[in-house]
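Here are my notes on the two-chain model you sent. They are set out as numbered points, to be read beside the structure.

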Amino acid sequence: MSVQSNDQTASPAGIRTSEKPLGRDDLARLVARDIKPGSFVNLGIGQPTLVSNYLEPEQDITLHTENGMLGMGPEATGDQIDGDLINAGKIPVTELPGASYFHHADSFAIMRGGHLDICVLGAFQVSATGDLANWHTGAPDAIPAVGGAMDLATGAKDVFVMMTLLTREGISKLVETCSYPLTGIGCVTRVYTDRAVFLTGPDGVEVRETFGCTLEELQDMVPVPLRAASAAGS
Amino acid sequence: MLNFVDTVGEAVAGIKDGSTVMIGGFGNAGQPFELIDALMDCGATGLTVVNNNAGQGDQGLALLIKEGRVKKMICSFPRQSDSWHFDAKFRAGEIELELVPQGNLAERIRAAGAGIGGFFTPTGYGTMLAEGKETRILDGRGQVFETPIHADVALIKAFTADGKGNLVYRKTARNFGPIMAAAAKHTIVQVSGIVPTGGLDPEIIVTPGIYVNSIVKVA
């Protein structure tokens, strides 16, 4: 299978860049390719963590983990495991040359102060104008837990979401208005799904590319108006 | 006034019922387990506890919650796969929860230590965690007013202290330690090692001793 790079001109006719929907790893590979060299990046817990597997050394990406580190390396194994060196998912990790440690207020100042270039998050729903819902189902018996999700959503320069386009019941997670409790308003800039890459903003939703469907077929799945992205700015 | 004490029991002896206690740590990294065990043994109850989480498994903060000693949790991420003691108390209505976005939690603790009366931040604007709070549009963005979190006592873990109470930490175990040390009226630190005054390079000190009241070395 081939995944095309982002900077390719996407004409409406050539918007389908894969014959099949993308799997989780193909999607992670695509996100990794779209991260500009030299970026400072925070990868959320879950599917976004897969992106780190596809970052190339020559991209020179610095990973931030909100519990207090820049320059996070891969997951620790064997003798590398050190209880004092964990990521935001509380998984033991490693440090890369040039890493730094800082306390929690400094770590969130990095996020809240707009210093991070990109954060990649999972989502329950994203609205047509980039509202994000990813922390709470709102179910009456659910114990709410927010962690750093709201800080990441409002602080990073670009917020990328990775999710499946449809729920198990076949309902679009890209929606006109989020029905789940919000994490942030108008914060999401791109949505990477198994069926398409969407660019969200105040003017609505553009489709950069589709996987295994045409734009028309995609429109049938999604309850918000879609248009093909112009090549510039994608 | 700085004291070096011999046991964790002595270190926590002054903690009274109804105190607000900050406990350092993110997950198990930086969690002062020995001090929490001593707090358990000393009997103080009706506590308000400030921590990122609400206890894991069957140790530390989780046991304090299980035993009904915590009246209220102020935290960002109570729900975990192994937070069963908190979950049970919460569902039974036996513990109060103030849920705070993690960056707001850190900044509210920092603000307390820095003598700041409150601050506006975009984090949480337009969400249910901002309900009832003052908001303003600043620099074109909706922002929420957040107040400092003060505490009577902080229990934290550092790596090494010197004779003046200056502290250094280890890797991501640093997390909430430095800001909690500054935010509490009385800061109790467990360390892995103590060196004589002058034994730490002043350039690398993370928490200056002015914030520290009691130090105990644990094995």
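1. Is C213(A) buried or exposed? C213(A) counts as buried, at 2% relative accessibility; buried means under 20% relative accessible area, exposed over 50%, and partly exposed in between, with a 1.4 Å probe and protein chains only. C119(A) is buried as well, with a relative accessible area of 0%.

2. On the basis of these notes: this is a predicted model, in which local features need pLDDT of at least 70, side-chain atom pairs count only at pLDDT 80 or more, and totals for chains, interfaces and linings use all residues. Residues are numbered from 1 along each chain as its sequence is written, chains are lettered from A and ligands numbered from 1 in the order in which they are written, and side-chain values use heavy atoms, with hydrogens and water left out.

3. Disulfides. A disulfide is a covalent bond between the sulfur atoms of two cysteines. Taking a disulfide as a pair of cysteine sulfur atoms within 2.5 Å, the count over all chains is zero. For C119(A), the closest cysteine sulfur belongs to C187(A) and lies 8.1 Å away, which is too far for a bond.

4. Helix 1 of chain A covers residues 24-34; helices (H or I, at least four residues) and strands (E, at least two) are DSSP runs numbered from the N terminus. Its buried residues are D26(A), L27(A), A28(A), L30(A), V31(A), A32(A) and D34(A). They pack against several strands of chain A, among them strand 6 (118-121), strand 9 (158-162) and strand 13 (204-211); contact means heavy atoms within 4.5 Å.

5. Strand 2 of chain B (residues 20-23) has T20(B) and M22(B) pointing one way and V21(B) and I23(B) the other, and all are buried. Strand 2 of chain B runs parallel to strand 3 (residues 47-50) of chain B, joined by three bridges; two strands pair if DSSP finds at least two bridges between them. T20(B) has T48(B) as its bridge partner in strand 3 of chain B.

6. Strand 7 and strand 8 (residues 141-146) of chain B pair over four bridges, and L138(B) has R141(B) as its bridge partner.

7. In helix 4 (residues 84-91) of chain B, H85(B), F86(B), D87(B) and K89(B) are buried. The buried residues of helix 4 of chain B pack against helix 3 (61-66), strand 4 (70-75) and strand 5 (96-99) of chain B. Just after this helix, G93(B) takes a positive phi of about 70°.

8. The interface. Contact between the chains takes 44 residues from chain B and 37 residues from chain A. Chain B and chain A bury about 3,300 Å² between them, 62% of it on carbon and sulfur atoms; buried area is the accessible area (1.4 Å probe) that two parts lose on being put together, summed over both. In chain B, F26(B), K171(B) and T172(B) lose the most area to chain A, together 19% of what that side buries.
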